[in-house]
Structures are given as structure tokens and as C-alpha cells.
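Hi there,

Here is the structure I promised to pass on to you. Have a look at it first, and then read my notes below.

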Amino acid sequence: MGRDSGALHPDMKTLRRPSELVAAGLIAPERAADIAAVAERFAVAITPDMAELIERGDDSDPIARQFVPDAREMETRPEEDHDPIGDRRLSPIKGIVHRYPDRVLLKPSHVCPVYCRFCFRREQIGPEGESLTAAELKAALDYIRARPAIWEVIVTGGDPFLLSPRRLAAIVGALDAIAHLGIIRFHTRVPVVAPQLVGPALVAALAAQKAVYVAIHANHPRELTPAARTACKRLAQAGIPLLGQSVLLKGVNDDAATLEALFRGLAAMRVKPYYLHHPDLARGTAAFRPTLDEGRALMRQLRGRVSGLCQPSYVLDLPGGYGKVPVGPCYATPQAPAGAWSIEDPDGRAHHYPPRSPGALD
């Protein structure tokens, strides 16, 4: 199997069971029992497109690291939590998370095409997860209608692009009719991991008078296959602005060259890198988490080597639901007298701002 084809192998299906992972050559037979224990706790799914990219026999392969279960997921550290960013505490009714005054999450489904091993919602999603009933979706939409301060709705889950085009269009239409909304945003992995699903019917379902944005999750440049580029092109040509979301993952993309290739690749696909997330403290995900110092150092390296179009915000979702904050490096340090600054350039050299007059003493 080619590691860069991105093609849908005709004999493959989404892999969900340890026996299927063994048969596909993604895990050794002797690991099956350990992986079965992981699969009992956390959902498993690897689409054909992603399975085709995985280098067989290499457990450190960055695509395998993201999707193939690992026995280390059974280890829970004291700081880890089943709800690391407080979704449940901030969910006033089923399907809604209201963390910020001007925006809410709408979660119509809990199903994803793939289940990332580092997912912060890994204990809330899976094939057994229930989609909102018609009554529950109506209640969620009524919640939004009743609160004029809500300006943006982020449709997430689960992956909303797994909904049928008919259901997707109904949600878009309902949100489009709410006068006080300005933005409808979708978060999805589908254009990367199952790009064949981004067909004319799905694209048409996103049509609205309001601005519709699509945020696409990708973590490694090898995910940006020809099929993924075609899916993103379909969305972009329909006039939909595309954003990129990535997670900084140890052993996957925690080096400047990989991030540079990823962000340049996304930007070339008309996907603006938007957020680089520091991994959340979900249970069993410690093997993926670099330190904040390591993340900040990587962002410093990127500042001097890629265009501003390729620069996402490096962010951390505070545990407990207290919001997302930028945690990237700062280049400005206040100096005396008031109003004077020392500004560091991308090469680490300090400069006075405003510039000091000739002959001024340091």
C-alpha cells in the first residue's frame, strides 16, 4: 500500500476491531489483547484513506500514532480528566455548550469518521453515541434563538459532516434564519480522513445567506493527499472560507520542519491555519503531550521561517472550562522609562522601541 496515495482502496472498509487492525497489518497479533482492552474503553475507527497512509511495521509512523490504539491509553495520570475542558459543566441543555457570551457549540451527533487517540472528547463520542432527536435539536435551536447575545454557532460533535446532506441543510437553514447570528462554523475531519464524502450534495447543504466557515482538522503534511486537496477545493470554490485546526502532538508534528510543511500545505489549499492546540488533559493521552516550553520554542522557530498566512495561534484550553487562551511566545518586554520596550526579532536579537536617539546611554 502506498503511504502517500490518499486513494480509497476498493477492498478496504473503516477498521474498528483489533482483529481488523491485525488483518490490515496495523498491529502485530501479539498486541491484539492489549488493544482490545483499549477498544473497550475508547472508540476505534480508521478510514481506508488513513489506513493507506500508514507505514506498516513502524509504530512511530505519525499517521499510525494518531489513529492506531496504544496500550499506554490505559494509563491515567492524576492531572487527567474525563471532561478536560469542562464541556459538561457548561452544557445547559443536551447538544449545547455555552462557554463564551457570544458563541455556542451545537453538537448534533457524537459520531466521527475516525477516532483520534488524543481526542479531548474521547469519552463522549463513539459509534454508540446518540445523535440529537428532532425534539432535542429543536430545543437546542430554541436556546440559540432566545439569546440575542449569541453571534456565532460552531457545529461540532462528533463530526457534523457525517450527517446526511438533508439533515445538514436543515440545520444550516434553521441557523440561517436566526436574525442575531452572524457566523455559522463547522468543525470537521471529513475532508482529510474521508474526502470522498465531500460531494456536491454536502457542499450544497452548506449554502446560506450568513457567512459559513469550515474548520478542517489536520496534523501532519502526509494527511494533505490529492483527495483531501480536491475536497477542500470543492468547498473553497463554493465560496466557503476554510480554516485549519491542528493539535501539537509528540511524535507526530513536534518539530519545526513538520509544522512548516503542514501549515504551508494547508495555506496552499486555501485553508488558513487558525489554531495550533496544546493537547488537553484527556485521560490516557500523556504520550502525546509536549511541554508548553517546547511548544513555545517551536512557535518561535516558525515565526522566522513561514509567512504570516501560515502562522496559527498556539492556544491552550484551560482545564475546567475557563476558556481558550494564546500561550505562544511574547516578543515585547517593557523597559524604563514608561513607554519604552525591548522587542525581540525572529532571530532573537533585541531592539529598542521606539528607537533611541543617537548617543543615548543604555
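The face of helix 5 turned away from its buried side carries Ala134, Ala135 and Lys138, which are exposed. Here buried means under 20% relative accessible area and exposed over 50%, with partly exposed in between (1.4 Å probe, protein chains only). Helices (H or I, at least four residues) and strands (E, at least two) are DSSP runs, numbered from the N terminus.

Before going on, a word on the source: this is a predicted model, where local features need pLDDT of at least 70 and side-chain atom pairs count only at pLDDT 80 or more, while totals for chains, interfaces and linings use all residues. Residues are numbered from 1 along each chain as its sequence is written, and side-chain values use heavy atoms, with hydrogens and water left out.

Back to helix 5. Which of its residues are buried? They are Leu137, Ala140, Leu141, Tyr143 and Ile144. Seen down the axis of helix 5, these buried residues fall within an arc of 150° (taken from the directions from the helix axis to the C-beta atoms), so they line one face of the helix. They pack against strand 1 (96-100), strand 2, strand 3 and helix 6, where contact means heavy atoms within 4.5 Å.

In helix 6, the buried residues are Leu168, Ile171, Val172, Ala174 and Leu175. Seen down the axis of helix 6, they fall within an arc of 165°, so they too line one face of their helix. Among the elements that cover them are strand 2 (103-106), helix 5 (134-145), strand 3 (152-155), strand 4 (183-188) and helix 8 (200-205).

Leaving aside neighbours within four places in sequence, leucine 175 is in contact with residues including Leu106, Leu141, Ile144 and Val153.

Nine strands form an open sheet in the order 1-2-3-4-5-6-7-8-9, with mixed pairing; two strands pair if DSSP finds at least two bridges between them. Strand 1 and strand 9 (324-326) stand at the edges with a single partner strand each, so one side of each is left without a neighbour in the sheet. Strand 3 and strand 4 run parallel and are joined by four bridges. Glutamate 152 stands opposite isoleucine 183 in strand 4.

Strand 4 also holds threonine 188, which is buried, with a relative accessible area of 4%. Aspartate 317 is in strand 8 (residues 313-317). Is aspartate 317 buried or exposed? Aspartate 317 is buried, with a relative accessible area of 12%. Not counting residues up to four places away in sequence, aspartate 317 touches Ile85, Tyr100, Asp280, Gly323 and Lys324.

The other open sheet has three strands in the order 10-11-12, and its pairing is antiparallel. Its edge strands are strand 10 and strand 12 (350-353), each pairing on one side only. Strand 10 and strand 11 pair over four bridges, and proline 334 stands opposite tryptophan 341 in strand 11.

Most residues other than glycine have a negative phi, and most peptide bonds are trans.

- A cis peptide bond joins glycine 157 and glycine 158, with omega about 20°. Glycine 158 is in the loop between strand 3 and helix 6.
- Another cis peptide bond joins alanine 336 and proline 337, with omega about -5°. Proline 337 lies in the loop between strand 10 (332-335) and strand 11 (340-344).
- Arginine 270 is not a glycine, yet has a positive phi of about 70°. Arginine 270 sits in the loop between helix 10 (256-268) and strand 7 (271-277), and at 53% relative accessibility counts as exposed.

Happy exploring!
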